[in-house]
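Please read each point with the structure in view.

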Amino acid sequence: MIKQEVIDKVLDTARIDEVVGDFVPLKKRGTSLIGNCPFHDEKTPSFNVSVAKGIYKCFGCGAGGDSLKFVMEIEKYSYPEAIRYLANKYHIQVEEVERSPEQMAKQDKRESLYVLSKWAGQYFVDQMWESDEGRSIGLSYFKERGYREDVIRKFALGYSPDKWEALVTAAQAAGFDKEYLKEIGLAIQREDQSLYDRFRGRVIFPIVNVTGRVIGFGGRTLKTEKSVPKYVNSPESDIYHKSDVLYGLNLAKKAISDADICYLVEGYADVISMHQAGVENVVSSSGTSLTSGQIRLISRYTKNVVILYDGDAAGIKASLRGTDMLLEEGLNVKVLLFPDGHDPDSYVQKFGSAHFKEYISKHPEDFVFFKTNILLKDSGNDPVKRAGVIRDVVESISLIPDEIKVSLYIRQCSTLLDMEERILLSELNKMRINKSAAKEKKVAASDQPPAEFFAAMMGSEELGAAPSQPTTQSTKLSSEILQERELIRILLNYGQEQVTWDPEVDNMPIAPYLINNFDDISFEDPTSAYIFDVFKKKMVNFEIPEAKHFISDQQPGVSDLAVTLIASRYELSPNWNDDKRKIHVTTEIDHLKSLVTETVYRLKKRKVEQELQKIRDELKSPQSAVDMEILLANYKKYKDMEMMLGVYLGNTIVK
């Protein structure tokens, strides 16, 4: 178990903009940073990062938290794994105390898979550079492909010895569990339960996630037998999901963001050759069909994609499939095919870096021109085939979410196909109506709205039934709960500010002032009750907890609610409130008196209304004359209080 002082140091050191910036390109807007949310698909940025508050908050899906929560969500890490990741990022040594076997088993499995993958990656590298077999076969192969040594080392390329159990033996000697070797696909189990190496006799391409951790491998055979598959890849595992991984993204993300364009290729060799040519903003789908998860990874860094595929029939078909998926995700798509059956790798090797750069800068085609020209070549003068081409192109255009782009593409398409715009628009509208009807039918068949709906409405917090400890049961957002959350919002944002308007208190912060006013309040919202109780307990020792105390709280729902209550979607531009323009715009902190007093009066009024309802309920049952007189006197007292509070709040009270 990691020591608490180490955890505290990590949380204090981690900067939210640096942590999030490793995964999401952020742009400055006012005093905040914005970007496209990595947790849901969106076209317009609603993901905000506040450096001052140390939090991120998506106002689209409701996701929010601090640096630690972000790493846990984006990488699917456990709490200890996320702490170790941040500690490693900021070069903080992690000291651990003794853990129970149960804790070790639960926390260590996933980390063990990462450690084993890292070890295997280094094993393959060492075998290629330090063994006679590796140098004569593996290293020679890469050099024959034209790769420089610095590029070979940059991608940590390696070699697996052509022996049945070389890696298995070395891994077990290093103390790794044979079950883990099977789980991440480094070894395959025979019928007699013994293991043999999956990648034997192959050159190795490590597959690395966006944070730089080895999660899998691709192995290419050097044999010519047709019975031997050319490539073997790691299977799916706890740490490797191929539909969510792009080869080379860890090395390309900065270049993609800087150039605001991403080149998408098919294979490992294409990525490596382009890096050697000086083009680093390139990723590969690793020979698999492009997935929506991979497209969302690209869209974190840019909205502009150029597909670089082979010029043969298979490459053309692959590029056509890819364009539609990219368009649907709102990306701007261009296509570039290489001549004479070349791919990016072979083109670089034949013509050199300078010619390659010139070619890819001058020959990308807009997807409409590309798709229309390709399909029209196949249709010839056949009117039926030509009509099919028109529908195919219009269907691609119908996927684009941006209406301005749609309008421009329809106009271009009209010229290319020699057809009136109104006919193309009519066909496009038919397609959209049919898709919309199908989507509505699917939604109607669903039992409940998507999770994003609840996240946005509820602030993503999970609420429980017990006041002292939140659980995951949902609680309806009544007006009473909203009032309670307003109280908590003031405590979190302004708890340490001074009360300057009440002559009965002297140098008292707002937190104890509010808590003293609501010592007997009963909360309907268990998460608010939990936070209020923490403030009360801290106040006994004259302490006021900071908001970050709750942002890193492990109780279900507490972190989400705290982030929701302190996050601000709109912040005042620094261009206001400057001396040059002589403009001063008041903010909420300038009106703390009315904010706090109104909150006090509203919650007190609610308490009075609850007491009035209790008396009404008692009056419905038979009462003695004495009890009736007491009840009526109390009723009048509370009614007067209700009237007075109504005057303060500007409400009209009906007698």
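1. Ser-67 belongs to helix H3, residues 67-75; helices (H or I, at least four residues) and strands (E, at least two) are DSSP runs numbered from the N terminus. With a relative accessible area of 6%, Ser-67 is buried, where buried means under 20% relative accessible area, exposed over 50% and partly exposed in between (1.4 Å probe, protein chains only). Apart from residues up to four places away in sequence, Ser-67 touches Ala-14, Arg-15, Ile-16, Val-19, Gly-54 and Leu-86; contact means heavy atoms within 4.5 Å.

2. A remark on the basis of these values is in order. This is a predicted model, in which local features need pLDDT of at least 70 and side-chain atom pairs count only at pLDDT 80 or more, while totals for chains, interfaces and linings use all residues. Residues are numbered from 1 along each chain as its sequence is written, and side-chain values use heavy atoms, with hydrogens and water left out.

3. Five strands make up an open antiparallel sheet in the order S1-S2-S3-S4-S5. Strand S1 (27-29) and strand S5 (64-65) are at the edges with a single partner strand each, so one side of each has no neighbour in the sheet. Strand S2 (residues 32-35) pairs with strand S3 (residues 47-50) in the antiparallel sense over three bridges, and two strands pair if DSSP finds at least two bridges between them. Within this pairing, Leu-33 has Val-49 in S3 as its bridge partner.

4. Strand S10 (residues 214-221) and S11 pair over three bridges, and Gly-219 stands opposite Val-232 in S11.

5. Ile-207 lies in strand S9, residues 202-208. Is Ile-207 buried or exposed? Its relative accessibility is 1%, so Ile-207 counts as buried. Beyond its neighbours within four places in sequence, Ile-207 has contacts that include Val-214, Ile-215, Phe-217, Tyr-240 and Tyr-268. Ile-207 and Tyr-240 are 33 residues apart in sequence and 9.0 Å apart in space, C-alpha to C-alpha.

6. In helix H14 (residues 344-351), the residues Pro-344, Asp-345, Tyr-347 and Val-348 are buried. The buried residues of H14 pack against strand S12 (262-265), helix H11 (268-276), strand S14 (304-309) and helix H15 (353-362). After H14 comes Gly-352, with a positive phi near 90°.

7. Glu-484 is located in helix H21. The relative accessibility of Glu-484 is 0%, so this charged residue counts as buried. A polar atom of the Glu-484 side chain lies 2.8 Å from the backbone nitrogen of Glu-524. Leaving out residues up to four places away in sequence, Glu-484 touches several residues, among them Ser-522, Phe-523, Asp-525, Leu-603 and Arg-606.

Notes:
Polar contact = N/O pair within 3.5 Å; in protein donor to acceptor, adjacent residues only side chain to side chain.
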